[in-house]
Amino acid sequence: MEIRTLRTSELDAAWELDADSFHIGPEKREHWMRFVDPERVLGAFEGERLVGVAEVLPFGQFFGGCAVAMGGLSGVSVAPDLRGSGLAKRLCTACLETMRERGEVISSLYPGTTSLYRGLGWELAGSVAVRKIAPRSLLALPRTERGRTRPMTSADVDSVRACYWRLAQPTNGCLDRAGPLWERLEAAWEDRSGFVFEGEAGRVAGYVVYHQIDGEYSHLGGEFGIVLDEMVATTRDAAVALWRLLGSWGSQADQVVFRGAVEEPALLLLPEQESSTLADFRWMTRVVDAVGAVASRGFPHGLKIEVPLSLSDPILGANQGDYVLSVQKGRGELARTGVGSGPVFGIGAFSSLYTGWATTARLGAAGLLAGGTSEQRAALDAAFGGPTPWMLDEF
Ligand SMILES: CC(C)(COP(=O)(O)OP(=O)(O)OC[C@H]1O[C@@H](n2cnc3c(N)ncnc32)[C@H](O)[C@@H]1OP(=O)(O)O)[C@@H](O)C(=O)NCCC(=O)NCCS
C-alpha cells in the first residue's frame with residue numbers, strides 16, 4: 001500500500017470516495033472541486049486504485065488570543081471493502097507527520113468515531129451545540145432604536161470578515177479563517193439570505209446568514225424552519241436587532257435552528273431560557289508539536305508559573321519527554337529538562353488541557369493524568385483553563 005499526496009488527475013477518484021463515504025450529493029461536486037487542493041490530500045493506493053483519502057486543511061485556531069497553526073483533518077475515508085484493516089490509522093499517522101513538517105503545531109477534527117482518533121492522540125477539546133428556539137420568543141427582546149439592519153451585499157465582505165474576527169480572536173477554539181476558508185464560506189452563502197447590522201458610525205457590528213427548510217407539514221401549507229448558516233453579534237444592539245429580525249419569521253416559521261457555544265450568550269439577553277438543545281457534540285484536538293504549540297498560544301496576562309510535566313507520545317516520539325512549562329507576560333515556553341517531577345500526561349490528555357476543555361481534575365478522574373502536586377495541577381488549570389472552547393466552523 002502506497003500513501004502519498006494526490007495528483008490533480010486523481011481528484012475525481014477522491015471525490016467519488018468522499019461523496020460515497022459521507023453521502024454527499026452530486027450538486028456539491030463543483031464546490032468541492034473548486035476548493036480542494038490536491039497538495040493537501042493524502043491518498044492510499046492499492047496498485048492504481050485509490051482506496052483511502054484524508055485532507056489536512058490549513059487553518060489557524062485561536063487560543064489565548066493567538067492564532068495557532070492548525071491542520072484541520074477532514075474527509076478521512078476508506079473504501080468499504082478495506083475497512084477494519086488499519087488503513088485509516090496509517091493515513092492519519094501520515095497526516096500527522098506532514099503537519100509536523102509544515103509547522104502545523106496542533107490538529108483539530110470533527111470525529112465520525114472518537115476511538116479511531118483517540119487511539120492516535122486526538123482528544124475531546126471543544127463543545128458545540130445545535131439549538132432551536134421559537135421565533136415568537138425572540139420578539140420578546142426589547143426593540144433597539146440605535147443602528148440599522150440592512151441586506152448584506154458583496155461590498156460588505158471586508159466588514160463582515162472584520163466583525164467575525166472581533167468575535168473569534170478572543171474566543172478559544174474559533175478559527176482565524178486565514179487562507180481559503182472565507183472564500184469557501186462566501187461561495188456556500190451565495191444563495192442564502194444575509195443581513196448586516198450597522199451600529200455606531202455605520203460600523204458592521206453583526207450579521208446573519210440563513211436559509212429556510214421544510215417543516216413536517218410544509219407540503220400542506222404548514223410552518224417551515226429557519227436555519228442559521230452563521231450569526232455573529234459583537235454588541236448588544238446587534239444581537240437584539242438580528243434576533244428580532246429572525247423573530248419576525250414567527251408568522252410562518254415555527255423554529256430557528258442554530259449552532260454555537262454550549263452556553264449560548266443570547267441567554268443573557270432573552271427574558272426566558274426558551275431554547276432547547278437538539279444535539280451537542282465535541283470536536284477533538286491533538287498537539288502535534290508540544291514545544292511549538294505552547295509557544296504559539298496566548299496565556300493569561302498576570303500569571304507567572306513554572307511547572308514540571310512529562311509527556312508520552314507513542315506516535316510522534318519527538319514530543320515525548322520531561323519538560324518545564326513557564327508562563328509569564330501572556331506567553332509560554334515548554335523547555336526540556338532531564339527529570340520528571342510533575343504531572344504525567346499522554347499526548348491526548350495534554351491536548352485536552354491545552355485547549356481548555358478539560359481541567360486536571362477531569363483528566364485525573366478519567367485516569368488520564370498521574371502524579372504532580374495539587375499546586376502544580378492548579379497552576380496548569382490557571383494557565384490553560386477558561387470558558388469551554390467552541391467554534392462556528394465545521395469541516
Ligand atoms: C471511519 C473509517 C475512516 C475507518 O477506517 P478504517 O480503515 O476501517 O479504520 P482502521 O481499521 O484504521 O481502524 C482503526 C481504529 O479506529 C476505530 N474504528 C474504525 N472504524 C470505526 C467505527 N466505524 N466505529 C468505531 N470505531 C472505529 C477502531 O478503534 C480501530 O481500532 P482497532 O483496529 O484497534 O479496533 C471508515 O470506516 C470510513 O471510511 N467510514 C466512512 C467515513 C467516515 O465516517 N469517516 C470518518 C470521518 S471523521
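Trainee: How far apart do the C-alpha centres of domain 1 and domain 3 lie?

Mentor: This is a predicted model. Its domain assignment places domain 1 at 2-104, domain 2 at 135-273 and domain 3 at 285-384. For domain 1 and domain 3, the distance between the C-alpha centres is 29 Å.

Trainee: How much area do domain 1 and domain 3 bury between them?

Mentor: The two domains are in contact through 11 residues from domain 1 and 15 residues from domain 3. Of the area buried there, 69% is on carbon and sulfur atoms. The total comes to about 1,100 Å².

Trainee: Which three residues supply 55% of the area that domain 1 buries against domain 3?

Mentor: The side of domain 1 that touches domain 3 divides into five nonpolar, three polar and three charged residues. More of the buried area of domain 1 comes from one set of three than from any other three residues. That set is Phe63, Leu96 and Arg100.

Trainee: Which residue meets the side chain of Arg100 in a salt bridge?

Mentor: Across the interface of domain 1 and domain 3, the rule finds one salt bridge. Three residue pairs are counted in polar contact between these domains. In the salt bridge, the N to O distance is 4.0 Å, and the partner of Arg100 is Asp289.

Trainee: Which element gives the largest share of the side of domain 1 that touches domain 3?

Mentor: Strand 3 (49-63), strand 4 (66-78) and helix 3 (87-102) each supply at least two residues of that side. The largest share amounts to five residues, and the element providing it is helix 3.

Trainee: Which residue has a backbone N or O atom 2.6 Å from an oxygen atom of the ligand?

Mentor: The ligand is surrounded by 19 residues, the closest being Val76, Val78, Gly84, Gly86 and Lys89. A backbone N or O atom of Val76 is 2.8 Å from a ligand nitrogen atom, while a polar backbone atom of Gly86 is 2.7 Å from a ligand oxygen atom. The residue at 2.6 Å from an oxygen atom of the ligand is Gly84.

Note on methods. Residues numbered from 1 in each chain as written. Predicted model: local features only at pLDDT ≥ 70, side-chain atom pairs only at ≥ 80, totals over all residues. Heavy atoms only, no water. Domains from an automatic or database assignment. Contact = heavy atoms within 4.5 Å. Buried area = accessible area lost by both parts, 1.4 Å probe. Polar contact = N/O pair within 3.5 Å; in protein donor to acceptor, adjacent residues only side chain to side chain. Helix = DSSP H or I, 4+ residues; strand = E, 2+ residues; numbered from the N terminus. Nonpolar A, V, L, I, M, F, W, Y, C, P; charged D, E, K, R; others polar. Near = heavy atom within 4 Å.
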